[in-house]
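Subject: Structure for your review

Dear colleague,

Please find below the structure that I am handing over to you. I would be grateful if you could read the notes after it with the model open.

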Amino acid sequence: MTVIALPRVRHRAPVALGACLLSFAAFWWAQRAAHVSMIDLMVYRAEGETVRAGGDLYALRTTEAHLPTTYPPFAALLFTPLTLLDTSTMRTLATAGNLALLVVFVALSLRLVDHARVEGVWWASAAAVWCEPVWTTVRYGQINLLLGVLVLWDLTRRPGHRWAGVGIGLAAAIKLTPALFAVFLLVTGVVAYARRGPGGPWLRHVRGSAVAFAGATLLAACTLPYDSWSFWSRMVFETGRVGLVEDTANQSLRGALARLLHTTQPGLWWVATAAVAGSLGLGVAVTAELRERRAWAVAACAVTALLISPVSWSHHWVWCVPMVLILGTRGRAAAVGAAQVAAARTALVTAAGTSLVFCSYALWWVPHGPGRLELRQTGAQLTLSALYEGAGLVFLTLIGVRLWRTNRTV
C-alpha cells in the first residue's frame, strides 16, 4: 500500500507546477490578445525619466490619459531603472515579474495558515491569476503584488527577526496605504502592554518599520528635496488628483458612498463611515493578533485599509487572494472536528462566495466611463459596483463573530 502511494505523492508537485505554467501561459496569451496598455507602468517609467532629467515630479502629466504622479518620491527613485529598457522588454519583464510575485504572494499567504505545501502553492496560483484584481494589476503594470509580498514577507518572519519591520516600512515609503499595518502593530503592542503583557515584540516591529520608512523617505528627500517638499506639504492631501471618486473602479467606502448618494463629495458621510469601519476593523485585527490568529489579523488589517482609503482601485484588492485562502483552509481545518461542521461550512461557503465575487468581473457590468455614468446607477447596479466593499465587510464580520464566539466559549 505504501509503495503504491509514494509515487502519487511524488508526482503531485510536478502536476501542479504543470497546471500552473499552463494557466500562466493562457493568461499571458489572453493579456496580449486583449492588447493591454500597461498604462501605469508607462507612468512609472515617465516618473523615472523625470527624476533623471531633474524635472518637477508632481507637475508631470503623461500618457494619453494625462495621468499624474501620485506616489511618494521614494517610489520614483525605484522606477529610474525602467528608463534603461525599451518598451517591449519592460512590458515583458513586468508581466513575468508580476506572475512570479503572485506565486510568492500565494506562498506567503499559505504560510500564514501553515498550509505552505508546494503543490498547494502551484494550484492556488493557477487559479488566483484569473481573479479581476490580479488580471487588472498585470494589465496596468501595477505594483500591488510587490507591496503585498513586502508586507507578508515581513509578517511571516519569526518573532524578533532582525529584519522585522523592513518590509512594511519600505512598502509604506512606496505607497502610504500599507502604513496601517504599522498602526495595527503599534495598537497591538500598546494593548498588550496595558494588559501587563509582553508588548515588546510588536513595538520592536513598529520601530523597525519606522526606521525603514524614515530611511527611505530621507533618502528620497536628500535626492529629490523639491519633490519631497511638494509631496509631504501639499500633494499628500490632494486625494482628488488620483481620479474620480465615484469611478466604479474605486472599491473603497468613499467610492461606494459617492455612487450611492449620487455625489462627487460624500463628505462627512464618508468621514463618519470610514472612522467607524476603521475602528472596528482595526479592533478585529488587534483582537485576532492577541489571540494568536495572525492570518486573520493580517487579512483584517488589509481589508480595513482598503475600505477606509479615499481611493482603492479594484486592482488594489489583490488581498482577496489571502482572504480566500484563509477562509478555505480554516474551513477545511474546522471540518476535522465534528462539533465544528457548521463553522466549517460557513467558512467554505464564504470562501466560494468571495472567489465568485472577485472572479466574476461583475463590477464592470454596470454603466461606467466618460460622462460620469456612475452617478446615475440604479439599485441593482449600485449593488454590483459595491461588491468588493461588501465582500470586505462580510469578511470582517465573519472574523469578528468567530472571535466573539471563541471568547464566549473560553
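The notes below go through the model by region.

This is a predicted model, in which local features need pLDDT of at least 70 and side-chain atom pairs count only at pLDDT 80 or more, while totals for chains, interfaces and linings use all residues. Residues are numbered from 1 along each chain as its sequence is written, and side-chain values use heavy atoms, with hydrogens and water left out.

**The α13 and α14 pair**

Helices here are DSSP runs of H or I with at least four residues, numbered from the N terminus. The axes of α13 (residues 267-290) and α14 (residues 294-308) come within 7 Å and cross at roughly 170°; axes are lines fitted to C-alpha atoms, for helices over the stretch in contact, and angles run from 0 to 180 degrees between N-to-C directions. The two helices α13 and α14 are therefore roughly antiparallel to each other, a term used for angles over 145 degrees.

Contact means heavy atoms within 4.5 Å. On the α13 side, the residues that meet α14 include W270, A274, G278, L282 and A285. Their counterparts in α14 include R294, W296, A300, C301 and I308. By class, the contact of α13 with α14 has 12 nonpolar, three polar and two charged residues. In this count, Ala, Val, Leu, Ile, Met, Phe, Trp, Tyr, Cys and Pro are nonpolar, Asp, Glu, Lys and Arg are charged, and the others, Gly among them, are polar.

E292 is found in the loop between α13 and α14. E292 has a positive phi of about 65° although it is not a glycine. At 73% relative accessibility, E292 is exposed; the classes are buried under 20% relative accessible area, exposed over 50% and partly exposed in between, with a 1.4 Å probe and protein chains only.

H262, in the loop between α12 and α13, is likewise not a glycine and has a positive phi, of about 55°. Its relative accessibility of 41% makes H262 partly exposed.

**L180 and the cysteines**

L180 belongs to helix α9 (residues 179-194) and is buried, at 15% relative accessibility. Apart from neighbours within four places in sequence, L180 is in contact with C301, T304, A305 and I308. The C-alpha atoms of L180 and A302 are 8.1 Å apart in space, although 122 residues separate the two in sequence.

The structure holds zero disulfides, a disulfide being a pair of cysteine sulfur atoms within 2.5 Å. C359 is in no disulfide either, and the nearest cysteine sulfur, that of C131, is 5.4 Å away. C359 is partly exposed, with a relative accessible area of 37%.

**The loop between α11 and α12**

The loop between α11 (225-233) and α12 (253-261) contains E246. E246 is buried, with a relative accessible area of 1%. Its side chain makes a polar contact with the side chain of R372, at 2.6 Å. A polar contact is a pair of N or O atoms within 3.5 Å; within protein, one must be able to donate a hydrogen and the other to accept it, and residues adjacent in sequence count only if both atoms are side-chain atoms. Beyond neighbours within four places in sequence, E246 is in contact with A258, R259, T264, R372, E374 and L375.

R241 lies in the loop between α11 and α12 as well, and is buried at 16% relative accessibility. The side chain of R241 reaches the backbone oxygen of Y58 at 3.4 Å. With neighbours within four places in sequence set aside, the contacts of R241 are Y58, R61, P68, T69, T70 and M235.

S233, in helix α11, is partly exposed at 27% relative accessibility. The side chain of S233 reaches the backbone oxygen of W229 at 2.4 Å.

**D86**

D86 is placed in the loop between α3 (73-79) and α4 (87-112). D86 is partly exposed, with a relative accessible area of 44%. A polar atom of the D86 side chain lies 2.9 Å from the backbone nitrogen of T89. The C-alpha atoms of D86 and E119 are separated by 36 Å, with the two residues 33 apart along the chain.

Yours sincerely

How values were computed
Parallel < 35°, antiparallel > 145°, perpendicular 65-115°, else oblique.
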